[in-house]
Amino acid sequence: MQLSEEVIFSLRILYISQLAMGFAVGFIIPIIVLYFGDIFNATSLQIGTILSISGFVGLTCNLYAGKISDRIGRKPIITLGNLPARLATIFIPFAPDFLSASVITVFRSFGHNIAMPASRALNADLIPEKVRGKLFGRMAAFFSIGAILGPVLSTLIYDALRFQTFQIPWLGNLSIRGAGIPFFVSSAIGLFSLF
């Protein structure tokens, strides 16, 4: 099937977006576990509980966010979900304790799962039905490539920087833990993907 130039351009953007999204997701998943354990001395049960609560919040959001995107449009819901989620990722390294970091993590999941059904629906809206399976498969492959590379690179960065502290003079000598750097990288990649 011959696709229009506009659809081809949109598909290329979606491939790049899926690669970046997979990378951002894969980049941060192992780091949350390591960070909570190293910085807050969280137990396995505490970390598991936070991840389960995040998953439950995500499940609840998925049930309603798709319906809302049918009413008001895909792109506004994608933005309303992904933008706060990406910004929340930046704030995790600044959380002073386990509870506040947990709340930010749950909020992050809330945002991602608001955007997810609308993102999938937008992909379906753009892709002609006759080639939908093939092109969805390609998008899933791009996401998977990012999700495969992300954990390896994030844990290398985390391992290299976790015991360091960085000062940012132009922000009033703000101190940043080296262990938090992967959160900033993930957020930057996610914001790139969103835009």
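Student: What makes Arg74 and Asp70 a salt bridge?

Tutor: In this predicted model, the closest N and O atoms of Arg74 and Asp70 are 2.6 Å apart, and a salt bridge is a side-chain nitrogen of Lys or Arg within 4 Å of a carboxyl oxygen of Asp or Glu, so the pair qualifies. Because the model is predicted, local features need pLDDT of at least 70 and side-chain atom pairs count only at pLDDT 80 or more, while totals for chains, interfaces and linings use all residues. Residues are numbered from 1 along each chain as its sequence is written, and side-chain values use heavy atoms, with hydrogens and water left out.

Student: Which side chain meets Arg74 in a salt bridge at 2.8 Å, N to O?

Tutor: That side chain belongs to Asp125, and the pair links distant parts of the chain, with Asp125 in helix H4 and Arg74 in helix H3, 51 residues apart. Helices here are DSSP runs of H or I with at least four residues, and strands are runs of E with at least two, numbered from the N terminus.

Student: How do you know whether Asp38 and Arg162 are buried, exposed or partly exposed?

Tutor: The side chains of Asp38 and Arg162 meet in a salt bridge of 3.1 Å, N to O. Asp38 has a relative accessible area of 37% and Arg162 is at 28%, so Asp38 is partly exposed and Arg162 likewise counts as partly exposed.

Student: Why is the pair of Phe36 and Phe40 given the name that it has?

Tutor: A pair of aromatic rings is described by the distance of the centres and the angle of the planes. Rings of Phe, Tyr and Trp (its six-membered ring) pair if their centres lie within 6.5 Å, and planes under 30 degrees apart count as stacked, over 60 as edge-to-face and the rest as tilted. The centres of Phe36 and Phe40 are 5.9 Å apart and their planes are at 75°, so the pair is edge-to-face. These two residues are four apart in helix H1, and are therefore separated by about one helical turn.

Student: What makes Asn41 count as buried or exposed?

Tutor: Asn41 is found in the loop between H1 and H2, and its relative accessibility is 62%, so Asn41 counts as exposed.

Methods
Buried means under 20% relative accessible area, exposed over 50%, partly exposed in between (1.4 Å probe, protein chains only).
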